[in-house]
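Take a look at the structure below. Then follow the text through it step by step.

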Amino acid sequence: MSYARCLIVIFAASLGLGCAMKHEQFLLPGGRACPTPDAPGIETDLSIGWYSPIRSGDQKALAKWCTTVGPAVIDSLPTGRFGSWQPGDSLAVVTWNLHGGAGNLLEFIDVELGLSCDERSAASGPHPAHFVTLIQEAFRRSETVPSVPDGPTIPPPLTEKPRPGPRTDIEEVARRCGLSLFYVPSMRNGAAEYEGEGEDRGNAILSTLPLSDFIAIELPFEAQRRVAVAATVHNSERDSIRVVSLHLDVASSLLRLLTTGNSTRQRQGLAIADALLETELARAGVADSSHEARCYPYCSNEATPQFNSSTIVGGDFNTWSVNETVIKHFNREFPNSPPHDGQPTRGAYPTDYLFFRRGNDGSIDLMLGSYRRVADSYHSDHHARLLWLK
Amino acid sequence: MTAGLAAATLILTARPAQAQEGSDWARVGGSALGLYSGAVLGTVGSLIPCSQTYAGARCVRGLGVLGGIVGLGAGFYLGDLDEDPVVDAYRGAGYGLLIGSAAGLVLKEVVERYNWADVAATGLVGAAVGSSAEGAAIGLAAGSIVGAALYWAIPSFDLPNAVGVAVMGMALGGISSWVVRGVEAEKASPAAQPVVVSYRIAL
């Protein structure tokens, strides 16, 4: 009967609309350089392992956004004299969304982490405990940010409330504090130029320790280009911990929300987990095409891959609940994470988290009870989260 | 035998005069709109509750398909019994499309990154709700009351959860209305009445 065929077509179409978007990542063999590998004076930075989504639609959108931002920044060695990280010494790990220039990072580092970045006191003051700060919405103002016309790939600048003190970009903070820096811009911070300099914004890692093994993970495109950054720090015994700073999209479009089943943050979070897994498997020498490697974390009957080094992930997950799908997945991926205290970090919402996975050697571990929200927001629209490792 | 022939004659002559009657187009149209409305309502209603599960998007898809199947079955059944409720459902979908599109235009002006595709999507959701407006309205009201009560009673039950319960109520109400219309159409169905009449004559 004709109407029966019609119904089959309609039903098949509705099922097709509900298909899941892929989240898997792959390592770009030639690396990536924004704004473009062909731009004069800017070469592909092969010191960064670039992961990108396998889906071609994501790649096309990300490539367009890439042309609007400047190159990544790597200052792998701190210029300050902080000494080495000895086994048994504590290490503070912070995640904080700066909201561009709104958050006063210099004051934060001074008050919360004990490092005064005033040149005189830095030279004579006591050495602070080592720290790693995982930053989101860091901004960089530079002439390396290309001049581009306003358009759909240029988000408006972040709305920053006026605050006392200078508006210092991430490179300037690293320089003044003598910290190592890994910064990868995700998007422009508006199209405006300031005396020939443009602004971009993205994720960054600042530390008193040398950084190595740089990784940039371009997340599946949902609403804006997002790039998670990862690096590794070592103690003097060469025990290492990978540190990751990420920022997920708030929401996708309504149409995408309906056709993908609200998978925005789930997809981006799983992409990060996938890229980190690829990296860890490569480091451990496990063939990444093996079934055991590929089915993780969904093959609970299989042996869970063991990782040599510990990993800590921090970021702005843009969640409105601690029970969201992406948080459940990260709690499973990072089984040694501290329990969340339920305290909100942006308005009434628990958006910011730190997750931890202990390495096989077990030499670096959480200090129990150290995970907390920082009470002062230092003029950002987010509160930071902090924990201590030992 | 005579009584049987009389009954058959009565049935055959009575059917064209009945106001309630199904047709091929009503079956196809009812099935299509029921499928669409059920799938969209199932998807919309499950967005927030499913975002609190490990399955996430898979949960949304599953409930969307379930809503579609219920709508498909109910729409087919309704169209098989009577054209009029199907016509009413399409009329409601049209109104819903207009109202949803208008709401989308307003949102485009006030919400950042709300584009034309989103306006169209708002209209299409409006059509799904409009096709089962009565049930959706009752469900939304009931869901809002339950959501508000849980919000006040349970500290960890936050505002987005309350909104989720209200939207889920709307979706359940909308999907249920397809089933209810089918049941009502069956009760009022002329197909059974001539049999009753013929039975009395046969006696």
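A:Tyr378 sits in a loop of chain A, between strands β13 (372-373) and β14 (385-389). Strands are DSSP runs of E with at least two residues, helices are runs of H or I with at least four, and both are numbered from the N terminus. This is a predicted model, in which local features need pLDDT of at least 70, side-chain atom pairs count only at pLDDT 80 or more, and totals for chains, interfaces and linings use all residues. Residues are numbered from 1 along each chain as its sequence is written, while chains are lettered from A and ligands numbered from 1 in the order in which they are written.

Is A:Tyr378 buried or exposed? It counts as buried because it has 21 C-beta neighbours inside 10 Å. The cut-offs are these: 20 or more other C-beta atoms within 10 Å make a residue buried, 12 or fewer make it exposed, and anything in between is partly exposed, with C-beta atoms placed from the backbone. The phi of A:Tyr378 is positive, about 50°, although the residue is not a glycine. Most residues other than glycine have a negative phi, and most peptide bonds are trans.

A:Glu137 also has a positive phi, near 55°, and is not a glycine. A:Glu137 belongs to strand β5 (residues 130-142) of chain A. A:Glu137 has 25 C-beta neighbours inside 10 Å, so it counts as buried.

Now for a peptide bond. The one that joins A:Cys34 and A:Pro35 is cis, with omega about 5°. A:Pro35 lies in the loop that runs between β1 (25-27) and β2 (48-53) of chain A.

Next, go to strand β11 (residues 310-316) of chain A, where A:Asp316 is found. A:Asp316 counts as buried because 26 C-beta neighbours lie inside 10 Å. Leaving out residues up to four places away in sequence, A:Asp316 touches A:Asn97, A:Gln136, A:His247, A:Thr351, A:Asp352 and A:His382. Contact here requires C-beta atoms, placed from the backbone, within 7 Å.

Step back to the whole chain. Chain A has nine helices and 14 strands. Of its 390 residues, 48% count as buried. Take the contacts in chain A between residues at least 6 apart in sequence: 74% of them join residues at least 24 apart.

Finally, turn to chain B. Here 29 residues of chain B are in contact with 25 residues of chain A. On the chain B side, α2 (24-50), α3 (57-81) and α5 (116-130) each supply at least two residues. The largest share, nine residues, comes from α2(B).

Technical notes: Contact = placed C-beta atoms within 7 Å.
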